[in-house]
Amino acid sequence: MKPAVDTLVFETVKAYSEWREKLRAEQPDAIVGFVPTMGALHQGHATLMRVARQECDYVVASIFVNPMQFAPHEDFDRYPRTFPADVEICKNVGVDAVFRPSVSEIYERPISDMTKVIPPKELIGHLCGFFRPGFFEGVATVVLKLFNIIQPTQAYFGEKDYQQLAVIKRMVKDLNLPLEIVGVPTVRERDGLAMSSRNVYLSSDERNVAPGIHAVISAVRDAVLSRTPVSTAISQAKVSLTAIEGLELQYLEVCDGDTLEPLEQARKPFVVLVAAKLGNVRLIDNVVEH
Ligand code: AMP
């Protein structure tokens, strides 16, 4: 039985590693679950932590807004940062340790001089990878660094960021990383909007129409399940999306649920993925059919 602990907060690799080494010496078989986040925590993140809490002896969460995954014109500086509230959520869920490094703790040299992880083109050449060049390199690189620092036995990622989950699973396989990746279904608001740290940027008008995105991709899923050709279902969905005031579509695709290869005729597992801007806020969502 593991002793009850308060949530510990570590700000340096050295301090965290000392704790991790002590744990390894005392309990070599302990299962350590890891939930990487960028903070501004909501019930989606809390759900990942709860699943990890149920499945693991120890749960570690990280809070790090990763500059490497933001392009210069994106929202790194104005990304919401709510650390005191985040720690409260971690405590309530029973997270054992929070790793909250500074940027210089993670990047000792300019990012342009760093060794990087380049995910395969077939996974990142379309969807978010097309609209955010360099994004998945930044994600994969920081996640590998965090895995090496945290030393988890399993790590938890949301299906909300479906392409990210696929990229991380592939990295773990291709690089023989000694841990298991667990995907957790998307947590939604009552009206269907996928929870996201960026939802706080939505104006009240944008917030009112945002659930339409989930309604439209659910309709695509239903249509292709009842054998409507993918191209027809997507054309119909684009008409519905045009009716959403202020929405600018980036992509809407039906893809293989494992490889993310675009599909013309749906076969399970498949996933309907969308990205759209509502005003200045970029929202992504998907529905999976396993
Ligand atoms: P982020 O802080 O946005 O980088 O997200 C950290 C982790 O939480 C990622 O694995 C996300 O996929 C996951 N996550 C974010 N929002 C949700 C959600 N609504 N439901 C499930 N997981 C989520």
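## The pocket

A pocket is an open set of grid points, found over the protein atoms alone, where a 1.4 Å probe fits and protein lies on both sides within 12 Å along at least five of seven lines. In this predicted model, the largest pocket has a volume of about 1,100 Å³. Its lining consists of 49 residues, and those closest to the centre are Met38, Tyr79, Arg132, Asp161 and Arg198.

Several elements give two or more residues to this lining, among them strand 2, helix 2, helix 6 (128-131), strand 7 (247-256) and strand 9 (281-289). Helix 7 provides the largest share, with 5 residues. Sorted by class, the lining contains 23 nonpolar, 15 polar and 11 charged residues.

## The ligand and its shell

The largest pocket is where the ligand sits. Around the ligand there are 17 residues, of which Met38, Gly158, Asp161, Val187 and Met195 come nearest. This shell comprises 8 nonpolar, 7 polar and 2 charged residues.

Strand 2 (32-37), helix 2 (43-55) and strand 5 (154-158) each supply at least two residues of the shell. Helix 2 gives the most, namely 3 residues.

## Polar contacts and cover

Valine 187 has a backbone N or O atom 2.8 Å from a nitrogen atom of the ligand. On its own, the ligand has 480 Å² of accessible area, and the protein covers 92% of that area.

Key. Residues numbered from 1 in each chain as written. Predicted model: local features only at pLDDT ≥ 70, side-chain atom pairs only at ≥ 80, totals over all residues. Heavy atoms only, no water. Near = heavy atom within 4 Å. Polar contact = N/O pair within 3.5 Å; in protein donor to acceptor, adjacent residues only side chain to side chain. Areas by Shrake-Rupley, 256 points an atom, 1.4 Å probe, with all protein chains shown as cover. 1 Å grid on protein atoms, 1.4 Å probe; cavity = no way out; pocket = protein on both sides within 12 Å on 5 of 7 lines; lining within 4 Å. Sits in = over half its atoms within 2 Å of the grid points. Helix = DSSP H or I, 4+ residues; strand = E, 2+ residues; numbered from the N terminus. Nonpolar A, V, L, I, M, F, W, Y, C, P; charged D, E, K, R; others polar. Points joined across faces, edges and corners; volume = space filled by probe spheres on them.
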